[in-house]
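Here are my notes on this model, in numbered points. Please read them with the structure open.

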Amino acid sequence: MRSLVLIGHGSHLNGESASAVYRYAEMIRARGLYDEVIEGYWKEEPSLRQVLKTTASTDVTVIPMFISEGYFTETVIPREMGLGHQGPVPPEGVARVLGGRTVRYTLPYGVHPSMSDVILARAHEALPDASPEDIALIVLGHGTTRNENSNKIVYQNAGVLRQSGKFAEVHALFLDEDPKVGTWPDVVKSPRVVVVPFFASEGWHTLETIPEDMGLEGAVTVFADNPHGTQTVYYAKPVGTHSAVADVILHLAEEAAGASGSDGDTERAHDAAWATFMDRARGGLRFGEVMVQPESGMFELRHALDEGRPGHELQTLVTPEGVRDQTRRDEGGHHRPVHTLRNMPRGWRAVLGEPDLIRAVQYLYPAVIEETYAHTCHTLRPTPWVTTARRQTGIYARVQKATPAQVEEVAADVCGGCLRTRLWAGDKLPQTFFGGVPGAIPCAEACTFLVAEVREEVAGKRGGGGG
Ligand code: SF4
(Lines give C-alpha, C1' and ligand atoms only; values in the text may rest on other atoms or scores of the structure.)
Protein backbone atom coordinates (compact mmCIF):
# COMPACT_ATOMS: atom_id res chain seq x y z
CA MET A 1 0.00 0.00 0.00
CA ARG A 2 1.37 3.43 -0.98
CA SER A 3 0.33 7.01 -0.28
CA LEU A 4 1.31 10.01 -2.36
CA VAL A 5 1.06 13.43 -0.69
CA LEU A 6 1.08 16.65 -2.71
CA ILE A 7 1.97 19.73 -0.68
CA GLY A 8 0.74 23.15 -1.80
CA HIS A 9 1.00 26.60 -0.28
CA GLY A 10 -2.74 27.31 -0.05
CA SER A 11 -4.11 30.61 1.20
CA HIS A 12 -6.14 32.01 4.07
CA LEU A 13 -7.82 34.41 1.67
CA ASN A 14 -7.92 33.04 -1.86
CA GLY A 15 -10.12 30.00 -2.44
CA GLU A 16 -8.50 29.31 -5.81
CA SER A 17 -4.97 28.98 -4.45
CA ALA A 18 -5.34 25.25 -3.84
CA SER A 19 -7.02 24.50 -7.18
CA ALA A 20 -3.89 23.44 -9.05
CA VAL A 21 -2.98 20.92 -6.34
CA TYR A 22 -6.56 19.56 -6.35
CA ARG A 23 -6.40 19.18 -10.12
CA TYR A 24 -3.08 17.30 -10.14
CA ALA A 25 -4.23 15.09 -7.27
CA GLU A 26 -7.35 14.19 -9.26
CA MET A 27 -5.35 13.46 -12.42
CA ILE A 28 -2.91 11.20 -10.57
CA ARG A 29 -5.68 9.52 -8.57
CA ALA A 30 -7.43 8.64 -11.83
CA ARG A 31 -4.35 6.73 -12.99
CA GLY A 32 -4.67 4.34 -10.06
CA LEU A 33 -0.93 4.03 -9.43
CA TYR A 34 -1.19 4.94 -5.72
CA ASP A 35 -3.65 3.63 -3.16
CA GLU A 36 -4.37 7.21 -2.24
CA VAL A 37 -3.35 10.70 -3.29
CA ILE A 38 -3.64 13.23 -0.46
CA GLU A 39 -3.28 16.99 -0.49
CA GLY A 40 -1.76 19.06 2.31
CA TYR A 41 -1.14 22.81 2.69
CA TRP A 42 0.81 25.43 4.57
CA LYS A 43 -2.22 27.71 4.89
CA GLU A 44 -5.17 25.36 4.49
CA GLU A 45 -6.23 21.96 5.79
CA PRO A 46 -5.04 19.34 6.25
CA SER A 47 -2.11 21.43 7.44
CA LEU A 48 1.53 20.40 7.18
CA ARG A 49 1.30 19.43 10.86
CA GLN A 50 -1.69 17.16 10.24
CA VAL A 51 -1.24 15.71 6.79
CA LEU A 52 0.86 12.66 7.67
CA LYS A 53 -1.83 11.56 10.14
CA THR A 54 -4.31 11.51 7.27
CA THR A 55 -2.36 8.95 5.21
CA ALA A 56 -3.68 5.41 5.24
CA SER A 57 -0.40 3.60 4.55
CA THR A 58 3.01 3.32 6.17
CA ASP A 59 4.70 4.19 2.86
CA VAL A 60 4.40 7.89 2.08
CA THR A 61 5.99 9.96 -0.66
CA VAL A 62 5.70 13.72 -0.25
CA ILE A 63 6.05 16.04 -3.26
CA PRO A 64 6.29 19.81 -2.73
CA MET A 65 4.13 21.40 -5.43
CA PHE A 66 6.47 24.31 -5.93
CA ILE A 67 8.18 25.56 -9.09
CA SER A 68 11.56 26.06 -7.45
CA GLU A 69 13.59 25.38 -4.34
CA GLY A 70 13.59 27.93 -1.55
CA TYR A 71 12.28 28.91 1.85
CA PHE A 72 9.12 26.81 1.71
CA THR A 73 10.63 23.62 0.32
CA GLU A 74 13.82 23.81 2.41
CA THR A 75 12.61 25.31 5.69
CA VAL A 76 8.85 25.49 6.22
CA ILE A 77 7.64 22.15 4.84
CA PRO A 78 10.35 19.92 6.40
CA ARG A 79 10.06 21.76 9.72
CA GLU A 80 6.27 21.65 9.94
CA MET A 81 6.11 18.02 8.85
CA GLY A 82 8.73 17.11 11.46
CA LEU A 83 11.16 15.66 8.92
CA GLY A 84 14.23 16.62 10.97
CA HIS A 85 15.80 18.27 7.95
CA GLN A 86 16.54 21.90 7.14
CA GLY A 87 18.27 23.39 4.12
CA PRO A 88 18.78 22.22 0.55
CA VAL A 89 17.20 18.85 -0.20
CA PRO A 90 19.64 16.42 -1.87
CA PRO A 91 18.73 15.12 -5.35
CA GLU A 92 17.74 11.73 -3.91
CA GLY A 93 15.39 13.44 -1.43
CA VAL A 94 15.11 12.93 2.32
CA ALA A 95 13.80 9.69 3.86
CA ARG A 96 12.67 9.36 7.46
CA VAL A 97 10.69 6.94 9.61
CA LEU A 98 8.10 8.99 11.48
CA GLY A 99 5.59 7.40 13.81
CA GLY A 100 5.80 4.06 12.00
CA ARG A 101 5.54 5.58 8.52
CA THR A 102 8.39 5.66 6.03
CA VAL A 103 8.25 9.18 4.62
CA ARG A 104 10.18 10.23 1.53
CA TYR A 105 10.39 13.95 0.82
CA THR A 106 11.47 14.99 -2.67
CA LEU A 107 12.67 18.09 -4.42
CA PRO A 108 9.91 20.33 -5.77
CA TYR A 109 8.45 19.25 -9.11
CA GLY A 110 9.73 22.41 -10.84
CA VAL A 111 13.40 21.36 -10.58
CA HIS A 112 12.88 17.94 -12.17
CA PRO A 113 14.83 17.56 -15.45
CA SER A 114 11.65 16.60 -17.33
CA MET A 115 10.31 20.14 -16.85
CA SER A 116 12.21 21.01 -20.05
CA ASP A 117 9.67 18.77 -21.85
CA VAL A 118 6.86 20.80 -20.28
CA ILE A 119 8.47 24.04 -21.50
CA LEU A 120 8.71 22.50 -24.95
CA ALA A 121 5.06 21.43 -24.83
CA ARG A 122 3.98 24.96 -23.86
CA ALA A 123 6.12 26.43 -26.67
CA HIS A 124 4.53 24.13 -29.24
CA GLU A 125 1.05 25.01 -28.03
CA ALA A 126 1.78 28.69 -28.55
CA LEU A 127 3.49 28.15 -31.90
CA PRO A 128 2.55 24.77 -33.38
CA ASP A 129 4.46 25.15 -36.68
CA ALA A 130 7.75 25.94 -34.96
CA SER A 131 10.84 25.25 -37.07
CA PRO A 132 14.31 25.71 -35.58
CA GLU A 133 15.61 28.16 -38.20
CA ASP A 134 13.62 31.23 -37.27
CA ILE A 135 12.34 30.65 -33.74
CA ALA A 136 13.74 32.06 -30.52
CA LEU A 137 12.63 30.68 -27.18
CA ILE A 138 12.53 32.82 -24.05
CA VAL A 139 12.26 30.90 -20.78
CA LEU A 140 10.96 33.53 -18.44
CA GLY A 141 11.54 33.26 -14.70
CA HIS A 142 10.67 35.41 -11.73
CA GLY A 143 14.22 35.73 -10.47
CA THR A 144 15.43 35.03 -6.99
CA THR A 145 13.14 36.30 -4.25
CA ARG A 146 13.10 36.09 -0.48
CA ASN A 147 11.27 32.77 -0.75
CA GLU A 148 12.47 31.24 -4.00
CA ASN A 149 15.69 30.45 -5.73
CA SER A 150 14.25 30.14 -9.20
CA ASN A 151 16.92 31.57 -11.50
CA LYS A 152 19.14 28.47 -11.33
CA ILE A 153 16.44 26.18 -12.71
CA VAL A 154 15.47 28.67 -15.43
CA TYR A 155 19.10 28.83 -16.62
CA GLN A 156 19.35 25.04 -16.49
CA ASN A 157 16.26 24.52 -18.61
CA ALA A 158 17.33 27.19 -21.07
CA GLY A 159 20.70 25.41 -21.36
CA VAL A 160 19.10 22.02 -22.01
CA LEU A 161 16.77 23.43 -24.66
CA ARG A 162 19.62 25.35 -26.31
CA GLN A 163 21.59 22.11 -26.54
CA SER A 164 18.61 20.33 -28.05
CA GLY A 165 18.91 22.41 -31.23
CA LYS A 166 15.14 22.80 -31.40
CA PHE A 167 15.36 26.61 -31.49
CA ALA A 168 17.60 29.09 -33.29
CA GLU A 169 18.30 30.80 -29.96
CA VAL A 170 17.26 30.27 -26.35
CA HIS A 171 17.34 32.97 -23.68
CA ALA A 172 16.70 33.00 -19.94
CA LEU A 173 15.13 36.31 -18.91
CA PHE A 174 13.64 37.44 -15.60
CA LEU A 175 11.06 39.73 -14.14
CA ASP A 176 13.02 40.83 -11.10
CA GLU A 177 16.69 40.45 -11.96
CA ASP A 178 19.07 40.88 -14.89
CA PRO A 179 18.78 40.06 -17.69
CA LYS A 180 15.32 41.58 -17.43
CA VAL A 181 12.44 40.64 -19.65
CA GLY A 182 12.10 44.18 -21.00
CA THR A 183 15.50 43.87 -22.72
CA TRP A 184 14.27 41.14 -25.06
CA PRO A 185 14.21 43.27 -28.28
CA ASP A 186 17.94 43.96 -27.84
CA VAL A 187 19.01 40.33 -27.29
CA VAL A 188 16.60 38.28 -29.44
CA LYS A 189 17.35 38.31 -33.16
CA SER A 190 14.90 35.78 -34.64
CA PRO A 191 11.74 36.98 -36.41
CA ARG A 192 9.52 34.69 -34.33
CA VAL A 193 9.79 34.51 -30.55
CA VAL A 194 7.97 32.15 -28.22
CA VAL A 195 7.84 33.13 -24.55
CA VAL A 196 7.20 30.46 -21.90
CA PRO A 197 6.70 31.72 -18.33
CA PHE A 198 8.38 29.37 -15.86
CA PHE A 199 5.70 30.11 -13.30
CA ALA A 200 3.59 27.79 -11.16
CA SER A 201 0.23 29.32 -11.99
CA GLU A 202 -1.67 31.89 -13.96
CA GLY A 203 -1.83 35.08 -11.95
CA TRP A 204 -0.84 38.70 -11.64
CA HIS A 205 2.65 38.19 -13.11
CA THR A 206 1.64 36.04 -16.08
CA LEU A 207 -1.51 38.02 -16.85
CA GLU A 208 -0.27 41.56 -16.20
CA THR A 209 3.38 42.14 -15.28
CA ILE A 210 4.99 40.08 -18.04
CA PRO A 211 2.74 41.33 -20.89
CA GLU A 212 3.29 44.90 -19.65
CA ASP A 213 7.09 44.58 -19.43
CA MET A 214 7.27 42.97 -22.89
CA GLY A 215 4.71 45.24 -24.54
CA LEU A 216 2.44 42.28 -25.41
CA GLU A 217 -1.15 42.79 -26.49
CA GLY A 218 -2.37 39.18 -26.42
CA ALA A 219 -1.31 35.66 -27.30
CA VAL A 220 0.35 36.94 -30.51
CA THR A 221 1.89 40.41 -30.88
CA VAL A 222 3.73 41.83 -33.92
CA PHE A 223 6.52 44.35 -33.27
CA ALA A 224 7.29 46.17 -36.54
CA ASP A 225 10.12 48.47 -35.41
CA ASN A 226 12.46 46.36 -33.28
CA PRO A 227 16.26 46.73 -33.56
CA HIS A 228 16.41 43.34 -35.36
CA GLY A 229 13.47 44.08 -37.67
CA THR A 230 9.87 42.90 -37.47
CA GLN A 231 9.38 40.29 -34.75
CA THR A 232 6.28 38.34 -33.73
CA VAL A 233 5.97 37.21 -30.12
CA TYR A 234 3.89 34.15 -29.18
CA TYR A 235 3.02 34.13 -25.49
CA ALA A 236 2.52 30.68 -23.90
CA LYS A 237 0.67 29.72 -20.74
CA PRO A 238 2.74 29.07 -17.58
CA VAL A 239 4.44 25.68 -17.29
CA GLY A 240 2.95 24.94 -13.86
CA THR A 241 -0.59 24.53 -15.18
CA HIS A 242 0.28 22.06 -17.96
CA SER A 243 -1.23 18.59 -17.57
CA ALA A 244 2.22 17.05 -18.20
CA VAL A 245 3.20 18.23 -14.71
CA ALA A 246 1.29 15.17 -13.47
CA ASP A 247 3.90 13.01 -15.26
CA VAL A 248 6.71 15.03 -13.69
CA ILE A 249 5.21 14.41 -10.24
CA LEU A 250 5.01 10.68 -10.90
CA HIS A 251 8.62 10.59 -12.16
CA LEU A 252 9.74 12.30 -8.95
CA ALA A 253 7.73 9.92 -6.78
CA GLU A 254 9.04 6.81 -8.52
CA GLU A 255 12.64 8.05 -8.36
CA ALA A 256 12.23 8.70 -4.64
CA ALA A 257 10.98 5.15 -4.13
CA GLY A 258 14.12 3.82 -5.84
CA ALA A 259 14.56 1.03 -8.35
CA SER A 260 13.13 -1.58 -6.01
CA GLY A 261 9.88 0.36 -5.63
CA SER A 262 8.18 0.46 -2.27
CA ASP A 263 5.25 -1.04 -0.48
CA GLY A 264 3.87 -0.28 2.93
CA ASP A 265 1.17 -1.64 5.19
CA THR A 266 -2.09 -0.22 6.36
CA GLU A 267 -1.36 2.32 9.09
CA ARG A 268 -3.05 0.93 12.19
CA ALA A 269 -4.16 4.09 13.99
CA HIS A 270 -5.57 5.54 10.78
CA ASP A 271 -7.34 2.30 9.99
CA ALA A 272 -8.84 2.11 13.50
CA ALA A 273 -10.02 5.74 13.34
CA TRP A 274 -11.90 5.23 10.09
CA ALA A 275 -13.26 1.82 11.13
CA THR A 276 -14.69 3.53 14.23
CA PHE A 277 -16.12 6.33 12.13
CA MET A 278 -17.78 3.92 9.68
CA ASP A 279 -19.12 1.85 12.55
CA ARG A 280 -20.85 4.97 13.96
CA ALA A 281 -21.93 6.17 10.49
CA ARG A 282 -23.79 2.90 9.90
CA GLY A 283 -25.97 3.75 12.87
CA GLY A 284 -26.32 7.44 11.96
CA LEU A 285 -23.81 10.00 13.23
CA ARG A 286 -23.70 13.75 13.84
CA PHE A 287 -20.29 15.37 13.85
CA GLY A 288 -19.30 18.98 13.47
CA GLU A 289 -22.05 20.73 11.55
CA VAL A 290 -23.09 17.67 9.53
CA MET A 291 -24.98 14.42 9.93
CA VAL A 292 -24.62 11.12 8.12
CA GLN A 293 -27.37 8.55 7.74
CA PRO A 294 -27.35 5.13 6.08
CA GLU A 295 -29.75 5.06 3.14
CA SER A 296 -30.47 2.01 0.96
CA GLY A 297 -26.94 0.64 1.08
CA MET A 298 -25.47 4.14 0.63
CA PHE A 299 -24.94 7.07 2.99
CA GLU A 300 -26.53 10.48 3.00
CA LEU A 301 -24.48 13.39 4.27
CA ARG A 302 -25.99 16.84 4.85
CA HIS A 303 -25.77 19.92 7.05
CA ALA A 304 -27.41 19.09 10.39
CA LEU A 305 -29.50 22.27 10.15
CA ASP A 306 -31.02 20.84 6.95
CA GLU A 307 -32.34 17.84 8.88
CA GLY A 308 -35.86 16.98 7.76
CA ARG A 309 -35.78 19.07 4.59
CA PRO A 310 -37.07 17.13 1.57
CA GLY A 311 -34.28 15.98 -0.74
CA HIS A 312 -35.68 17.90 -3.71
CA GLU A 313 -35.13 21.19 -1.84
CA LEU A 314 -31.42 20.46 -1.55
CA GLN A 315 -28.71 20.21 -4.17
CA THR A 316 -27.75 16.55 -4.49
CA LEU A 317 -24.03 15.78 -4.76
CA VAL A 318 -22.71 12.37 -5.76
CA THR A 319 -18.92 12.73 -5.55
CA PRO A 320 -16.40 13.64 -2.82
CA GLU A 321 -15.10 16.41 -5.10
CA GLY A 322 -18.65 17.76 -5.34
CA VAL A 323 -18.79 17.94 -1.52
CA ARG A 324 -15.36 19.61 -1.46
CA ASP A 325 -16.34 22.27 -3.98
CA GLN A 326 -19.74 22.89 -2.37
CA THR A 327 -18.20 23.53 1.04
CA ARG A 328 -15.07 25.49 0.07
CA ARG A 329 -16.90 28.77 0.61
CA ASP A 330 -19.37 29.95 3.21
CA GLU A 331 -22.81 31.20 2.28
CA GLY A 332 -21.39 34.68 1.71
CA GLY A 333 -18.94 33.24 -0.85
CA HIS A 334 -15.89 33.62 1.41
CA HIS A 335 -13.07 31.08 1.37
CA ARG A 336 -13.02 28.64 4.35
CA PRO A 337 -9.34 27.87 5.12
CA VAL A 338 -10.33 26.37 8.48
CA HIS A 339 -13.03 23.77 7.94
CA THR A 340 -14.09 23.56 11.57
CA LEU A 341 -15.12 27.23 11.68
CA ARG A 342 -18.91 27.26 12.12
CA ASN A 343 -19.67 28.58 8.66
CA MET A 344 -20.37 25.51 6.55
CA PRO A 345 -22.92 26.36 3.88
CA ARG A 346 -26.32 24.67 3.95
CA GLY A 347 -28.59 23.56 1.12
CA TRP A 348 -26.90 20.39 -0.13
CA ARG A 349 -26.99 16.65 0.45
CA ALA A 350 -24.48 14.05 -0.73
CA VAL A 351 -25.42 10.45 -1.50
CA LEU A 352 -22.30 8.31 -1.44
CA GLY A 353 -21.01 4.75 -1.13
CA GLU A 354 -18.60 3.91 1.71
CA PRO A 355 -15.24 4.73 0.04
CA ASP A 356 -16.62 8.01 -1.30
CA LEU A 357 -18.15 8.89 2.07
CA ILE A 358 -14.70 8.56 3.63
CA ARG A 359 -13.14 10.80 1.00
CA ALA A 360 -15.95 13.33 1.29
CA VAL A 361 -15.46 13.52 5.06
CA GLN A 362 -11.71 13.92 4.52
CA TYR A 363 -12.48 16.98 2.38
CA LEU A 364 -15.20 18.24 4.71
CA TYR A 365 -13.20 17.96 7.92
CA PRO A 366 -9.53 17.25 7.12
CA ALA A 367 -7.73 15.31 9.89
CA VAL A 368 -10.73 15.58 12.22
CA ILE A 369 -11.53 11.86 12.32
CA GLU A 370 -7.89 10.89 12.91
CA GLU A 371 -7.29 13.54 15.59
CA THR A 372 -10.58 12.96 17.38
CA TYR A 373 -10.01 9.22 17.45
CA ALA A 374 -6.47 9.79 18.80
CA HIS A 375 -7.94 12.04 21.49
CA THR A 376 -10.32 9.28 22.57
CA CYS A 377 -7.29 6.94 22.78
CA HIS A 378 -5.28 9.56 24.78
CA THR A 379 -2.60 9.63 22.07
CA LEU A 380 -3.24 13.16 20.75
CA ARG A 381 -0.50 15.32 22.23
CA PRO A 382 -1.26 19.07 22.46
CA THR A 383 1.43 21.56 21.45
CA PRO A 384 1.40 24.63 23.71
CA TRP A 385 1.30 28.07 22.08
CA VAL A 386 4.87 28.94 23.09
CA THR A 387 6.19 25.88 21.24
CA THR A 388 4.21 26.77 18.11
CA ALA A 389 5.38 30.39 18.32
CA ARG A 390 9.06 29.49 18.83
CA ARG A 391 8.98 27.31 15.72
CA GLN A 392 7.91 30.17 13.45
CA THR A 393 10.38 31.78 11.05
CA GLY A 394 10.27 34.42 8.34
CA ILE A 395 7.41 36.89 8.61
CA TYR A 396 5.73 34.78 11.32
CA ALA A 397 8.70 34.91 13.73
CA ARG A 398 7.17 38.08 15.15
CA VAL A 399 4.40 36.05 16.86
CA GLN A 400 7.04 35.16 19.47
CA LYS A 401 6.58 38.72 20.74
CA ALA A 402 2.85 38.24 21.40
CA THR A 403 1.90 38.48 25.06
CA PRO A 404 -0.34 35.76 26.55
CA ALA A 405 -3.10 38.39 26.74
CA GLN A 406 -2.76 39.18 23.02
CA VAL A 407 -2.86 35.49 22.08
CA GLU A 408 -5.91 34.99 24.27
CA GLU A 409 -7.68 38.00 22.84
CA VAL A 410 -7.13 36.87 19.24
CA ALA A 411 -7.99 33.24 20.08
CA ALA A 412 -11.21 34.31 21.79
CA ASP A 413 -12.19 36.01 18.57
CA VAL A 414 -10.94 33.44 16.01
CA CYS A 415 -11.37 30.20 17.94
CA GLY A 416 -14.67 31.43 19.34
CA GLY A 417 -16.14 30.72 15.92
CA CYS A 418 -14.54 27.29 15.64
CA LEU A 419 -15.93 23.91 16.65
CA ARG A 420 -12.60 22.72 17.97
CA THR A 421 -11.69 22.84 21.66
CA ARG A 422 -8.25 24.33 22.33
CA LEU A 423 -6.32 21.57 24.04
CA TRP A 424 -3.18 23.59 23.27
CA ALA A 425 -4.47 26.31 25.62
CA GLY A 426 -5.27 23.82 28.37
CA ASP A 427 -9.00 23.43 27.66
CA LYS A 428 -10.50 20.02 28.40
CA LEU A 429 -12.59 17.87 26.07
CA PRO A 430 -14.07 14.97 28.04
CA GLN A 431 -16.37 13.81 25.23
CA THR A 432 -16.17 13.88 21.42
CA PHE A 433 -18.64 13.29 18.60
CA PHE A 434 -17.70 9.60 18.83
CA GLY A 435 -19.29 9.76 22.29
CA GLY A 436 -22.41 11.56 21.05
CA VAL A 437 -21.45 15.28 21.32
CA PRO A 438 -21.49 16.48 17.67
CA GLY A 439 -19.48 19.68 18.12
CA ALA A 440 -16.79 18.17 20.33
CA ILE A 441 -13.59 18.14 18.26
CA PRO A 442 -10.09 18.58 19.71
CA CYS A 443 -7.59 21.22 18.59
CA ALA A 444 -4.12 19.97 19.45
CA GLU A 445 -2.19 22.93 18.08
CA ALA A 446 -2.81 26.52 17.00
CA CYS A 447 -3.59 26.54 13.26
CA THR A 448 -1.78 28.80 10.78
CA PHE A 449 -4.90 30.96 10.49
CA LEU A 450 -4.66 31.83 14.17
CA VAL A 451 -0.87 32.28 13.93
CA ALA A 452 -1.41 34.74 11.07
CA GLU A 453 -4.01 36.63 13.08
CA VAL A 454 -1.69 36.84 16.10
CA ARG A 455 0.99 38.22 13.80
CA GLU A 456 -1.41 40.92 12.62
CA GLU A 457 -2.23 41.73 16.25
CA VAL A 458 1.45 42.09 17.15
CA ALA A 459 1.93 44.33 14.11
CA GLY A 460 -1.05 46.43 15.18
CA LYS A 461 -2.77 45.68 11.88
CA ARG A 462 -5.47 43.29 12.94
CA GLY A 463 -8.90 43.61 11.45
CA GLY A 464 -8.86 41.37 8.36
CA GLY A 465 -8.12 37.69 7.76
CA GLY A 466 -4.73 36.00 7.66
CA GLY A 467 -2.32 36.26 4.73
FE1 SF4 B 1 -9.99 26.35 15.44
FE2 SF4 B 1 -8.57 28.02 16.94
FE3 SF4 B 1 -7.78 25.50 16.63
FE4 SF4 B 1 -7.58 27.22 14.60
S5 SF4 B 1 -6.48 27.32 16.56
S6 SF4 B 1 -8.37 25.13 14.49
S7 SF4 B 1 -9.41 28.46 14.90
S8 SF4 B 1 -9.64 26.21 17.64
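1. Rings of Phe, Tyr and Trp (its six-membered ring) pair if their centres lie within 6.5 Å; planes under 30 degrees apart count as stacked, over 60 as edge-to-face and the rest as tilted. With that rule, ring pairs join W274, F277, F287, Y365, Y373, F433 and F434 into a cluster.

2. On provenance: this is a predicted model, where local features need pLDDT of at least 70 and side-chain atom pairs count only at pLDDT 80 or more, while totals for chains, interfaces and linings use all residues. Residues are numbered from 1 along each chain as its sequence is written, and side-chain values use heavy atoms, with hydrogens and water left out.

3. The structure holds 14 aromatic pairs. One of them is F287 with Y365, edge-to-face, at 6.0 Å centre to centre and 65 degrees between the planes. F287 lies in strand β11 (residues 285–287) and Y365 in the loop between α10 (354–364) and α11 (368–376), so the pair ties together parts 78 residues apart in sequence. Helices (H or I, at least four residues) and strands (E, at least two) are DSSP runs, numbered from the N terminus. Both F287 and Y365 are buried (under 20% relative accessible area; exposed is over 50%, partly exposed in between; 1.4 Å probe, protein chains only).

4. W385 and W424 form a tilted pair: 6.3 Å centre to centre, 45 degrees between the planes. W385 is in helix α12 (residues 385–391) and W424 in the loop between β16 (420–422) and β17 (441–443), 39 residues apart. W385 and W424 are buried.

5. Which residue lies over the face of Y34? R2 does, at 4.1 Å from the ring centre. R324 lies over the face of Y22, at 4.1 Å from the ring centre. The criterion: NZ of Lys or CZ of Arg within 6 Å of the ring centre and within 35 degrees of the ring normal.

6. Now the sheet. Five strands form an open sheet in the order β2-β1-β3-β5-β4, with mixed pairing (two strands pair if DSSP finds at least two bridges between them). β2 (36–41) and β4 (94–98) stand at the edges with a single partner strand each, so one side of each has no neighbour in the sheet. β1 (residues 3–8) and β3 (residues 59–64) pair in the parallel sense over five bridges. L4 has T61 in β3 as its bridge partner.

7. H171 sits in strand β7 (residues 169–174). At 17% relative accessibility, H171 counts as buried. Leaving aside neighbours within four places in sequence, its contacts (heavy atoms within 4.5 Å) include L137, I138 and V139.
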